[in-house]
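Subject: The structure I promised you

Hi there,

Here is the structure we talked about, so please open it and keep it beside this email while you read. My notes on what turned up follow below.

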Amino acid sequence: MESDLYDSYFQSLVAGDRRACRQIILGLLETDIDIKTLYLSYFQKSLYAIGDLWAANKITVAVEHMATAITESLFPLVYPRIFMADHCGKKAVISCTANEYHQIGGKMVADILELNGWDTIFLGANTPLQSLLDFIDTNQPDMVGLSLSLQDNMPNLLTAIGKIRDRHPELSIIVGGQAFSFSGSEILKATEHVHLIRSFSELEGYIQADAYAT
């Protein structure tokens with residue numbers, strides 16, 4: 001049953017049927033589906049599958065962009081549930097690095113933090129480094145999260161980490177994204193206060209550690 005529902009959602013997504021996708025997600029929310037399950041089993045799973053189809057030259061870039069746009073249009077349906085959490089007094093800034101245009105992963109991380117009581121500010125895709133640095137200076141977050149989907153953008157990520165560290169030596173930085181699916185984690189080992197997050201459970205475990213206990 002659940003597999004059939006996902007298949008219907010995926011086929012609607014590929015076909016560009018936003019109304020059908022919306023109705024399926026609304027139906028799932030009415031069943032009180034766990035938000036993390038919704039994000040992983042529908043949003044993330046379907047977009048990874050879309051990416052595989054594009055890589056296999058079975059769909060066009062236009063279809064990939066359409067599926068991404070439809071998925072982004074569904075996030076507001078979830079927000080009433082997300083913003084019900086009690087606030088814990090912690091603040092995070094989540095952003096994509098310069099030249100990084102895949103923002104849904106970062107958006108989901110921001111939402112999971114909100115579910116755990118954090119106040120999050122999501123800056124979106126392709127945030128210029130200087131703007132990010134100035135924003136951190138102004139808002140003084142407890143944590144910064146950087147999302148990276150493409151290995152080619154790793155130099156931009158490392159530059160951002162270095163510049164943030166120069167200004168805020170003790171600020172916790174989390175990084176994640178598809179760029180780390182197969183490699184890249186070894187590059188981060190030499191950096192202090194930088195933590196690679198590979199899953200929602202790792203994220204929740206990290207923020208619930210003693211360093212962030214309220």
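Let's start with Asp-134, which has a relative accessibility of 36% and so counts as partly exposed, since that label covers values between 20% and 50%. Please keep in mind throughout that this is a predicted model.

What does Asp-134 pair with? Asp-134 makes a salt bridge with Arg-167, and their closest N and O atoms are 3.6 Å apart. Asp-134 sits in helix 6 and Arg-167 in helix 7, so this pair ties together parts that lie 33 residues apart in sequence. Arg-167 is partly exposed too, with a relative accessible area of 36%.

Arg-167 has another partner: its side chain also meets that of Asp-137 in a salt bridge, at 2.2 Å from N to O. Asp-137 belongs to helix 6 and Arg-167 to helix 7, so here the parts tied together are 30 residues apart in sequence. With 28% relative accessibility, Asp-137 counts as partly exposed. Because they share partners, these salt bridges join Asp-134, Asp-137 and Arg-167 into one network.

Now for helix 7 itself, which covers residues 154–167.

Which residues of helix 7 are buried? They are Met-154, Leu-157, Ala-160, Ile-161, Ile-164 and Arg-165. Looking down the axis of helix 7, you would find these buried residues within an arc of 130 degrees, so they line one face of the helix. Here is some background that helps with the spacing: an α-helix has 3.6 residues a turn, so residues three or four places apart point the same way. The buried residues of helix 7 pack against helix 6 (129–139), strand 3 (143–147), strand 4 (172–176) and strand 5 (194–196). On the other side of helix 7, Pro-155 and Asp-166 are exposed.

How many salt bridges are there in the whole structure? The search finds 4. One of them joins the side chains of Asp-32 and Arg-81, at 3.6 Å from N to O. That pair links distant parts of the chain: Asp-32 is in the loop between helix 2 (18–30) and helix 3 (35–55), while Arg-81 is in helix 4 (residues 61–82), 49 residues apart. Asp-32 has 56% relative accessibility and so counts as exposed, whereas Arg-81, at 25%, counts as partly exposed.

Last, the domains. The domain assignment gives domain 1 (1–77) and domain 2 (85–212). Taken over C-alpha atoms, the centres of domain 1 and domain 2 are 25 Å apart. Where the two meet, 12 residues of domain 1 are in contact with 10 residues of domain 2. Between them, domain 1 and domain 2 bury about 980 Å², with 75% of it on carbon and sulfur atoms. Of the area that domain 1 buries against domain 2, Lys-36, Tyr-39 and Phe-75 supply 48%, more than any other three residues.

The count between domain 1 and domain 2 is 1 salt bridge. Lys-36 also forms a salt bridge with Glu-204, with the closest N and O atoms 2.9 Å apart.

Enjoy exploring, and write back with any questions!

Best wishes

Key. Residues are numbered from 1 along each chain as its sequence is written. This is a predicted model: local features need pLDDT of at least 70, side-chain atom pairs count only at pLDDT 80 or more; totals for chains, interfaces and linings use all residues. Side-chain values use heavy atoms; hydrogens and water are left out. Helices (H or I, at least four residues) and strands (E, at least two) are DSSP runs, numbered from the N terminus. The expected span of a helix is 1.5 Å times one less than its number of residues. Buried means under 20% relative accessible area, exposed over 50%, partly exposed in between (1.4 Å probe, protein chains only). The arc is that of the directions from the helix axis to the C-beta atoms. Contact means heavy atoms within 4.5 Å. Domain bounds come from an automatic or database domain assignment. Buried area is the accessible area (1.4 Å probe) that two parts lose on being put together, summed over both.
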